[in-house]
Amino acid sequence: KLYIVRARPEPVASRKKANVKEEFKLKERGSSLVEGRAVGARIGAGTVRILSDASQMAEFKEGEVLVADMTDPDWEPIMKKAAAIVTNRGGRTCHAAIIARELGIPAVVGTADATDKLKDGDEVTVVCSEGDTGVVYAGQLDYERKVEDLTDLPDIPVKLMLNLANPSRAFEYGQLPNAGIGLARLEFVINNVIGIHPRALLGFDKLPQDLRNTILEKTKGYPDPVSFYVDKIAEGVGTLAASVYPRRIIVRLSDFKSNEYKSLLGGPLFEPDEENPMIGFRGAGRYTDESFRECFELELLAMKKVREEMGLTNVELMIPFVRTLEMAQEVNDVLESNGLKRGDNGLKVQMMAELPSNVFLADEFLDYFDGFSIGSNDLTQLTLGLDRDSGLVAKHFDERNPAVKKALAHIIQTAKARGKYVGICGQGPSDFPDFAQWLLEQGIDS
């Protein structure tokens, strides 16, 4: 039984004014040390700390500027503490850029030589508030921060939804004007809260003793390691869903690549080595594969708990990287066999439209799903044939390319003709006002 023995108003977040827009402006200039792609229209300043590996996180101090070759999910505990982030590699949609946006931290990615030109202990100012190019200046420069009240926004013919995966920020961001959460990435909870490969929890008794000891320490207080995994996912998603209830939240089920799963505790025991994991063992194809299906079913058990036990029926599911119509059928079969049949108890299942096959067969895919959420990051990458994590080709990555816009228009028109939902959760509309205007003209829902 749980007893509430004392209750008082939360004194910090509840007093913050959430409906505000920040604007940063540099008031002086220093010498430019490195340049790259700007992420987040902010400015941050601090002392440089160069790290070559996430295992060095104990060296990193709160408020320092993180400088690294590139980041992956292992780096997130460090990134949360950084005043700014600077990387050698990556584009606007690389891991460092995605996490920096979510955390509200300025980042300059794809500099090519930041780890060579910057030195530990340098005082720098990271400026991302002056367009697409981010600059790292020498010295801690003076800047101002203006705040604009967003309480009385005009009505617009499109729904603005949150891109939010961090449960600890849910009730803060939930106070912003929003129509719900359009993308909640399950990987954030699995990586930051759980940190253990699901296969290691399912096969716990067969693990090496030292690994079992580590897992037991992390899962203390739970009946068994599998319960820890399911309950932590349910707790994270439940928090996100409660922050916007009764508005909808679209939860994208796990979309880790094999190299990202490998970084979890126990991951190297179960994950393959892939030359190009970005187009490898991921998404719907992973869910229904016999080597992973049991792991996927743990996520579904958590979703069922959120919807049925917690009563948060505003939770919708989204399936990523659905390559073929056969995959669409197979993943729906797995959902149904786990008590999450599309349509039952109002359950909606959306599909990430992010592959050329999703464009060509848009109408056929809608036979299996309630709508599309366009993943313009992957769709741009695969339409233009470039690696969105590579700084070498980052200048060619543009969602406004005519080929990409033709694909997007077809997806939107097909969904509208079928009377089904279509939204976009890629980075483009946030970066390019003209692109956002074009999407609105096409009739995008959110």
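Predicted model: local features only at pLDDT ≥ 70, side-chain atom pairs only at ≥ 80, totals over all residues.

Residues are numbered from 1 along each chain as its sequence is written, and side-chain values use heavy atoms, with hydrogens and water left out.

**Cavity and pocket**

- On a 1 Å grid over the protein atoms alone, a cavity is a set of points where a 1.4 Å probe fits but cannot get out, and a pocket is an open set with protein on both sides within 12 Å along at least five of seven lines; lining residues have an atom within 4 Å of a point.
- Searching the whole structure gives one cavity of 30 Å³ or more, and the largest cavity holds about 50 Å³ of space, where a volume is the space filled by probe spheres set on the points, with grid points joined across faces, edges and corners.
- The lining of the largest cavity is made by Arg37, Gly91, Arg92, Thr93, Arg388, Ala394 and Phe397, and by class it has two nonpolar, two polar and three charged residues (Ala, Val, Leu, Ile, Met, Phe, Trp, Tyr, Cys and Pro count as nonpolar, Asp, Glu, Lys and Arg as charged, and the others, Gly among them, as polar).
- The second largest pocket, with a volume of about 270 Å³, is lined by 13 residues, and Asp74, Asn191, Gly195, Lys218 and Ser263 lie nearest its centre.
- Helix H5 (residues 186-194) gives the largest share of that pocket's lining, four residues.

**Helix H2**

- Helices (H or I, at least four residues) and strands (E, at least two) are DSSP runs, numbered from the N terminus.
- In helix H2 (residues 95-103), seven of the nine residues are buried, meaning under 20% relative accessible area with a 1.4 Å probe and protein chains only.

- Seven strands form an open, parallel sheet in the order S10-S11-S12-S13-S14-S15-S16, and its edge strands, S10 (162-163) and S16 (421-424), each pair on one side only; two strands pair if DSSP finds at least two bridges between them.
- Strand S13 (residues 315-319) runs parallel to strand S14 (residues 349-353) and is joined to it by three bridges, and isoleucine 319 has methionine 351 in S14 as its bridge partner.

**Alanine 302**

- Alanine 302 lies in helix H11 (residues 293-309) and is buried, with a relative accessible area of 0%.
- Apart from neighbours within four places in sequence, alanine 302 is in contact with Val230, Ile233 and Ala234, contact meaning heavy atoms within 4.5 Å.

Definitions and conventions: Buried < 20%, exposed > 50% of the residue type's maximum accessible area, 1.4 Å probe, protein only.
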